[in-house]
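Thanks for coming. I have one structure to go through today, so let me put it on the screen.

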Amino acid sequence: MRRKTWVSGLGAVVAIGAVLVLLTTFASAAASGGAAHVRWDIVSTTGIPPAPLNPGGHASATAPDGDTITLTGSGHFVAPASGGGSGGVDGGGTWTTSSGGSGTYQVTALVSWQRANDQANVGFVDNIDEGTRTNGAVVLKIAFSDGSSGVLTVGCHGPGAPPGIFEGIATTKGYKTYYNVPAPAPGVDAGRTLFHVR
């Protein structure tokens with residue numbers, strides 16, 4: 001009888017231990033693969049360190065018909081660990097086109113977020129400082145104040161970025177695609193973006 005009680009007690013201890021190991025494993029996986037909280041900005045900077053990185057910049061892209069759109073803006077999004085979209089967004093900015101339109105836009109949803117890597121520290125003064133400066137690309141659904149909608153792509157190819165990421169913005173507005181993205185010119189305060197990840 002005593003041996004049976006001892007074996008039952010040992011089985012309970014082993015079962016509790018297994019449950020604790022599983023819970024610790026799941027908690028660790030959730031912590032390392034949790035949602036990313038990201039701030040995006042079209043920044044104001046000359047791009048030459050130690051120039052400050054400030055919100056409030058502008059970036060442009062051109063459509064095949066020669067019309068150019070210029071955006072300002074910033075915001076936040078929550079990117080699920082699954083890599084899918086999210087409604088956890090805020091932000092927006094202003095838009096103007098060379099054909100004469102202007103107004104504001106609001107971000108309505110996250111389509112996708114691809115983090116490339118952390119930026120190399122080359123001496124910029126980061127006046128935004130909401131987490132780790134990061135290279136990557138995000139696609140956001142946006143609504144324009146004139147009733148049209150679009151998809152905004154923000155690419156950040158900062159210090160230490162791998163090849164293949166453009167620096168700046170591209171967008172659709174209705175059927176028009178503003179996807180010719182000029183490379184930022186050294187020393188010129190235009191066409192630069194930044195992500196901060198928490």
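**Pocket, core and one threonine**

I will start with the pocket. The lining residues of the largest pocket divide into nine nonpolar, eight polar and two charged. Keep in mind that this is a predicted model. The lining has 19 residues in total, and those nearest the pocket centre are Gly47, His157, Gly158, Glu167 and Arg192. Strand 13, residues 192–197, gives the largest share of that lining, with three residues. As for volume, the largest pocket holds about 250 Å³ of space.

Now the core. The largest nonpolar core is made up of 33 residues, and Trp40, Phe77, Tyr105, Trp113 and Leu152 have the most contacts inside it. Its largest share, five residues, is from strand 1, residues 36–44. Take Leu152: beyond its neighbours within four places in sequence, Leu152 contacts residues including Trp40, Leu71, Tyr105, Ile142 and Ile169.

Last, Thr172, which sits in strand 11, residues 168–173. Is Thr172 buried or exposed? Its relative accessible area is 16%, and because the cut-off for buried is under 20%, Thr172 counts as buried. Setting aside residues up to four places away in sequence, Thr172 touches Phe144, Ser149, Gly150, Val151, Thr177 and Tyr179. With one of these, Val151, there is a specific atom to point at: the Thr172 side chain reaches the Val151 backbone nitrogen at 2.8 Å. Thr172 and Ile142 are 30 residues apart along the chain, and 9.2 Å separates their C-alpha atoms.

That is what I have on this one.

Methods. Residues are numbered from 1 along each chain as its sequence is written. This is a predicted model: local features need pLDDT of at least 70, side-chain atom pairs count only at pLDDT 80 or more; totals for chains, interfaces and linings use all residues. Side-chain values use heavy atoms; hydrogens and water are left out. Helices (H or I, at least four residues) and strands (E, at least two) are DSSP runs, numbered from the N terminus. Buried means under 20% relative accessible area, exposed over 50%, partly exposed in between (1.4 Å probe, protein chains only). Contact means heavy atoms within 4.5 Å. A polar contact is a pair of N or O atoms within 3.5 Å; within protein, one must be able to donate a hydrogen and the other to accept it, and residues adjacent in sequence count only if both atoms are side-chain atoms. A nonpolar core is a set of buried Ala, Val, Leu, Ile, Met, Phe, Trp, Tyr and Cys residues joined through side-chain atoms within 4.5 Å. On a 1 Å grid over the protein atoms alone, a cavity is a set of points where a 1.4 Å probe fits but cannot get out, and a pocket is an open set with protein on both sides within 12 Å along at least five of seven lines; lining residues have an atom within 4 Å of a point. Grid points are joined across faces, edges and corners, and a volume is the space filled by probe spheres set on the points. Ala, Val, Leu, Ile, Met, Phe, Trp, Tyr, Cys and Pro count as nonpolar, Asp, Glu, Lys and Arg as charged, and the others, Gly among them, as polar.
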